[in-house]
Amino acid sequence: MTPPHHRTQKTPDVYLLFAHEPYYPGPADQEINTSVVSASSLLHPHIRQPDGARIHALLTRGRRPGHIVPPATLTHELGGGTDWPAIGDWETVTADLVRLIRSRGCDALSLGLPPLVRALVCTGPYSRVRIHDPATGCFQVFGPADRSEVLAAIGSHLLQAEAGVPLWPGDGLLVTVRHH
């Protein structure tokens with residue numbers, strides 16, 4: 001068996017998928033309104049701390065490698081959000097992450113998600129999104145299965161974008177002690 005420090009294949013990270021204020025990286029570019037970063041990017045020195053480290057611990061605890069987790073999932077796990085104050089200010093942390101991404105301080109999968117898809121990742125894992133079609137007067141309901149499909153599609157897109165090289169979380173990351 002190859003010693004762990006000589007292995008060439010890295011274990012995939014856990015990822016944070018978050019929606020944010022839209023921006024356009026260039027004049028002819030598509031709107032970017034959602035980003036995926038390595039959970040380790042939360043340990044970057046330009047991210048509000050200790051909030052980033054606490055969110056990192058919550059995000060990575062008990063997850064499988066490659067898992068993509070939106071803040072809405074964390075909110076669900078935190079008693080519908082009532083426990084966020086004990087963890088940190090996720091809004092400031094995600095704003096810091098957007099600044100880090102835009103300054104190229106870490107890698108990200110930047111996405112321009114359509115409204116329905118974005119709504120599905122911004123709702124909890126058991127929530128429903130109801131869409132009204134004004135032309136027909138009918139409603140269509142999208143739920144947990146649709147959300148899972150969206151996350152799986154984003155995961156496939158992430159695998160293609162990474163092409164075997166995990167997203168770079170940035171330099172100078174805080175050191176954390178992981179308990180197994």
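User: Which residues does Leu97 touch, not counting residues up to four places away in sequence?
Analyst: Leu97 touches Leu16, Phe18, Val37, Ser41, Leu42 and Ile47, where contact means heavy atoms within 4.5 Å. Please note that this is a predicted model, in which local features need pLDDT of at least 70, side-chain atom pairs count only at pLDDT 80 or more, and totals for chains, interfaces and linings use all residues. Residues are numbered from 1 along each chain as its sequence is written, and side-chain values use heavy atoms, with hydrogens and water left out.

User: How many residues has the largest nonpolar core?
Analyst: It has 23 residues, and Leu59 and Leu97 have the most contacts inside it. A nonpolar core is a set of buried Ala, Val, Leu, Ile, Met, Phe, Trp, Tyr and Cys residues joined through side-chain atoms within 4.5 Å. Buried means under 20% relative accessible area, exposed over 50%, and partly exposed in between (1.4 Å probe, protein chains only).

User: And what about a second core?
Analyst: A second, separate core has 16 residues, including Leu120, Val129, Ile154 and Leu158.

User: Now the cysteines. How many disulfides are there?
Analyst: The count is 0 disulfides, a disulfide being a pair of cysteine sulfur atoms within 2.5 Å. Cys106 is in none, as the nearest cysteine sulfur, that of Cys122, is 19 Å away.

User: Is Cys106 buried or exposed?
Analyst: Cys106 counts as buried, at 5% relative accessibility, and Cys122 is partly exposed, with a relative accessible area of 44%.
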